[in-house]
Amino acid sequence: MARIVISEFMDERAVAQLEAAHEVLYDPKLVGDAARLRAEAATADALVVRNLTQVRGELLAALTRCKVVGRLGVGLDNIDVPACEAKGMKVIPATGANALSVAEYVIASTMLLLRGAFASSAAVAAGEWPRAALGNGRETAGQVLGIIGFGSIGQMTARLAQGLGMQVIAYDAMLPPGADVFAQTGVRQVGLDELIAGADAVTLHVPLVDTTRGLFNAARIAQMKKGAVLVNTSRGHIVDIEAVGAALRAGRLGGAAIDVFDVEPFPASTSLRDCPNLLLTPHISGVSAQSNERVSFMIADKVLESLN
Ligand code: NAD
């Protein structure tokens with residue numbers, strides 16, 4: 001029997017599946033207690049994490065008998081993958097299992113931001129009637145959606161957007177010109193500059209790596225079409241959030257939905273308070289009842305397979 005340590009939240013039925021075969025420590029708060037996490041890691045044969053547990057440095061050193069790290073999600077920027085592999089540990093992400101949740105978040109927030117009419121509850125309840133001010137919102141159909149990073153979430157987002165009648169263009173630094181996936185999905189492949197200049201809505205679906213860190217800085221935001229909206233569900237360090245706030249206040253950017261931050265949980269920020277047409281969510285786009293179940297069972301199955 002092996003010992004499995006789970007340091008962040010996981011669907012409890014998937015935890016039970018692991019418990020049926022192995023000894024399991026399931027403590028969704030363990031990630032917040034670094035010393036206890038290191039002590040538990042020392043006797044773990046498998047470690048299961050989400051995005052907060054940093055599997056590197058002292059924690060990695062403590063994992064002396066671990067064979068597998070299961071990641072309840074997709075981005076691997078919280079795991080030193082080469083160092084894990086050098087120690088003979090397999091790293092398993094839940095590839096594709098939360099793509100639909102992220103794609104639906106992108107579409108929902110894009111529609112809200114383009115229309116710009118949904119933040120009126122307080123005004124209407126207070127007896128104001130801001131109908132004239134809200135009458136210039138945009139329909140989604142016919143707008144150009146620019147997708148940066150055309151992997152599993154990017155492609156799922158394209159499919160939903162096409163269903164709404166959006167024109168979809170995409171840029172992916174790792175795909176050669178004319179890659180089959182573009183013809184297969186009916187999406188026009190473009191360069192990064194053309195995408196940024198031509199899209200009414202831009203959404204980011206790239207991993208956080210050296211070449212994407214700082215990709216959406218003030219200069220790139222300034223190249224966007226006036227009034228375009230920006231959605232970031234990829235990783236915080238890819239978009240400069242202060243530059244987003246400044247562009248919203250200046251009226252250059254028409255709206256933004258930001259789900260991921262340089263530091264999470266995000267510390268209070270006065271500069272983002274009262275920014276027009278800004279949606280902030282706590283790294284939740286990939287987490288829904290259904291995706292949590294899919295992600296958790298996928299990782300439970302793969303961890304069990306690796307331990308057998
Ligand atoms: P994926 O690996 O299927 O796709 C990523 C795509 O980005 C690939 O096609 C790759 O070729 C491309 N790419 C890599 N470097 C690039 C660059 N410099 N410029 C343009 N494209 C580049 O991954 P995915 O499942 O689509 O997820 C994408 C990212 O979304 C993850 O790495 C993760 O950081 C983030 N994510 C966030 C949430 C959330 O809840 N907010 C959930 C899931 C994933």
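Reader: From which domains does the lining of the second largest pocket draw at least three residues each?

Author: The lining of the second largest pocket takes at least three residues from domain 1 (3-97 + 289-307) and at least three from domain 2 (99-280), with domain bounds that come from an automatic or database domain assignment. The model is a predicted one, in which local features need pLDDT of at least 70 and side-chain atom pairs count only at pLDDT 80 or more, while totals for chains, interfaces and linings use all residues. Residues are numbered from 1 along each chain as its sequence is written, and side-chain values use heavy atoms, with hydrogens and water left out.

Reader: What makes the second largest pocket a pocket, and what volume does it have?

Author: On a 1 Å grid over the protein atoms alone, a pocket is an open set of points with protein on both sides within 12 Å along at least five of seven lines, whereas a cavity is a set of points where a 1.4 Å probe fits but cannot get out. The second largest pocket has a volume of about 280 Å³, a volume being the space filled by probe spheres set on the points, which are joined across faces, edges and corners. It is lined by 15 residues, of which N51, Q54, D77, F261 and D262 are the closest to its centre; a lining residue has an atom within 4 Å of a point.

Reader: How do the residues of this pocket's lining divide into nonpolar, polar and charged?

Author: The lining of the second largest pocket has four nonpolar, six polar and five charged residues. Here Ala, Val, Leu, Ile, Met, Phe, Trp, Tyr, Cys and Pro count as nonpolar, Asp, Glu, Lys and Arg as charged, and the others, Gly among them, as polar.

Reader: How many cavities of 30 Å³ or more does a search of the whole structure find?

Author: The search finds one, and the largest cavity has a volume of about 40 Å³. Its lining is made up of N232, G236, V239, I241, I258, V260, F261 and D262, which by class gives five nonpolar, two polar and one charged residues.

Reader: Which strand pairs with β6 over five bridges, and in which sense?

Author: Strand β6 (residues 144-148) pairs with strand β7 (residues 167-171) in the parallel sense over five bridges, and they count as paired because DSSP needs to find at least two bridges between two strands. Strands (E, at least two residues) and helices (H or I, at least four) are DSSP runs numbered from the N terminus. In this pair, L145 stands opposite V168 of β7.
β7 also pairs with strand β8 (residues 188-189) in the parallel sense, over two bridges; there I169 stands opposite R188, and A170 has Q189 as its bridge partner.

Reader: Why is the crossover from β7 to β8 called right-handed?

Author: With the strands pointing away from the viewer, a crossover is right-handed if the path from the first strand over the helix to the second runs clockwise. The chain passes from β7 through helix α8 (residues 180-185) to β8 in a right-handed β-α-β crossover.

Reader: Why is one side of β8 and of β12 left without a neighbour in the sheet?

Author: The open sheet has seven strands with parallel pairing, in the order β8-β7-β6-β9-β10-β11-β12. β8 and β12 (278-280) stand at its edges with a single partner strand each, so one side of each has no neighbour in the sheet.
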